[in-house]
Amino acid sequence: MRFSTRTRYGLRFLLRLAQQSDDSLVQLGQVAREENISSGYLEQIVRALKPIDVLFAVRGSGGGYRLARPASRINLEEVFARLEGEISPVSCLTGGKHCERQDTCSSRLFWHELDEHVRKFLRERTLQDILDAEKAS
């Protein structure tokens, strides 16, 4: 299973915001330079993240971004699902898709279990967990 560049860069962006010890704003261009990510691509990621209310933005001179809620309350499943679109390992598990072999597929249970493990892993991890693990290593 591979996650897209969009998800990897989005996670790096959110972690960069989570590293702020205060409520100061971080400019998109600053993050783009520090993380070596195109500003335009980062803007697309920000637009994708807006619907899940993880970002607080101030526009204009002196504006920027910060997390809209504590890093400990932002789980990775919501971020990955938003940026990736779909995180299931096979398309037959995605909402609305029906496979003609669904009732007889010998591997469906395996794929369903794998999907559940991945989702549970992501659901139980927060941005803060990643920061804490990095500090401990």
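**Core, pocket and loops of a predicted model**

Me: Which residues does Leu55 touch, not counting residues up to four places away in sequence?
Reply: The model is a predicted one. Leu55 is one of the residues that touch the most other members of the largest nonpolar core. With residues up to four places away in sequence set aside, Leu55 touches Phe13, Leu14, Leu17, Val46, Leu49, Tyr65, Arg66 and Ala68.

Me: How many residues are in the largest nonpolar core?
Reply: The members that touch the most other members are Phe13, Leu14, Leu49, Leu55 and Leu127. They belong to a core whose number of residues is 33.

Me: Which element gives the most to this core?
Reply: At least two residues each come from α1 (5-18), α2 (28-35), α3 (39-49), β2 (64-67), α4 (76-84), α5 (108-123) and α6 (127-136). Seven residues is the most that an element gives, and the element that gives them is α1.

Me: In what order do the elements of the protein chain run from the N terminus on?
Reply: The protein chain has six helices and two strands. From the N terminus on, these elements follow the order α-α-α-β-β-α-α-α.

Me: What share of the residues of the protein chain counts as buried?
Reply: The C-alpha trace spans about 60 × 35 × 25 Å along its principal axes. The accessible surface comes to about 8500 Å², and 46% of this belongs to carbon and sulfur atoms. Of the 137 residues in the chain, the share that counts as buried is 34%.

Me: Which element supplies the largest share of the lining of the largest pocket?
Reply: The largest pocket has a volume of about 230 Å³. Its lining consists of Leu28, Glu43, Val46, Arg47, Lys50, Ala57, Val58, Arg59, Gly60, Gly63, Gly64 and Tyr65. At least two lining residues each come from α3, β1 (55-58) and β2. The largest share is three residues, and it comes from α3.

Me: How many residues of this lining are charged?
Reply: Among the lining residues are Glu43, Arg47, Lys50 and Arg59. By class, five lining residues are nonpolar and three are polar, while the number of charged residues is four.

Me: How far apart are the C-alpha atoms of Val54 and Glu78?
Reply: Along the chain, Val54 and Glu78 are 24 residues apart.

Me: Is Asp53 buried or exposed?
Reply: Asp53 lies in the loop between α3 and β1. Its phi is near 50 degrees, a positive value in a residue other than glycine. The relative accessible area of Asp53 is 54%, and the cut-off for this class is over 50%, so Asp53 is exposed.

Me: What is the phi of Asn36?
Reply: Asn36 is in the loop between α2 and α3. With a relative accessible area of 67%, Asn36 is exposed. Asn36 is not a glycine, yet its phi is positive, at about 55 degrees.

Me: Which residues is Glu77 in contact with, leaving aside its neighbours within four places in sequence?
Reply: Glu77 has its place in helix α4. Its relative accessible area is 15%, so Glu77 is buried. Apart from neighbours within four places in sequence, Glu77 is in contact with Ile87, Arg119, Leu122 and Arg123.

Me: Which residues does Asn75 touch, not counting residues up to four places away in sequence?
Reply: Asn75 lies in the loop between β2 and α4. Its C-alpha atom is separated by 22 Å from that of Val90, 15 residues apart along the chain. Not counting residues up to four places away in sequence, Asn75 touches Leu122, Arg123, Arg125 and Thr126.

Me: Is Ala71 buried or exposed?
Reply: Ala71 lies in the loop between β2 and α4. With residues up to four places away in sequence not counted, Ala71 touches Ala18, Thr126, Leu127 and Gln128. Its relative accessible area is 8%, and the cut-off is under 20%, so Ala71 is buried.

How values were computed:
Residues are numbered from 1 along each chain as its sequence is written. This is a predicted model: local features need pLDDT of at least 70, side-chain atom pairs count only at pLDDT 80 or more; totals for chains, interfaces and linings use all residues. Side-chain values use heavy atoms; hydrogens and water are left out. A nonpolar core is a set of buried Ala, Val, Leu, Ile, Met, Phe, Trp, Tyr and Cys residues joined through side-chain atoms within 4.5 Å. Buried means under 20% relative accessible area, exposed over 50%, partly exposed in between (1.4 Å probe, protein chains only). Helices (H or I, at least four residues) and strands (E, at least two) are DSSP runs, numbered from the N terminus. Contact means heavy atoms within 4.5 Å. On a 1 Å grid over the protein atoms alone, a cavity is a set of points where a 1.4 Å probe fits but cannot get out, and a pocket is an open set with protein on both sides within 12 Å along at least five of seven lines; lining residues have an atom within 4 Å of a point. Grid points are joined across faces, edges and corners, and a volume is the space filled by probe spheres set on the points. Ala, Val, Leu, Ile, Met, Phe, Trp, Tyr, Cys and Pro count as nonpolar, Asp, Glu, Lys and Arg as charged, and the others, Gly among them, as polar. Accessible areas come from the Shrake-Rupley method with a 1.4 Å probe; for residues, only the protein chains shown count as cover.
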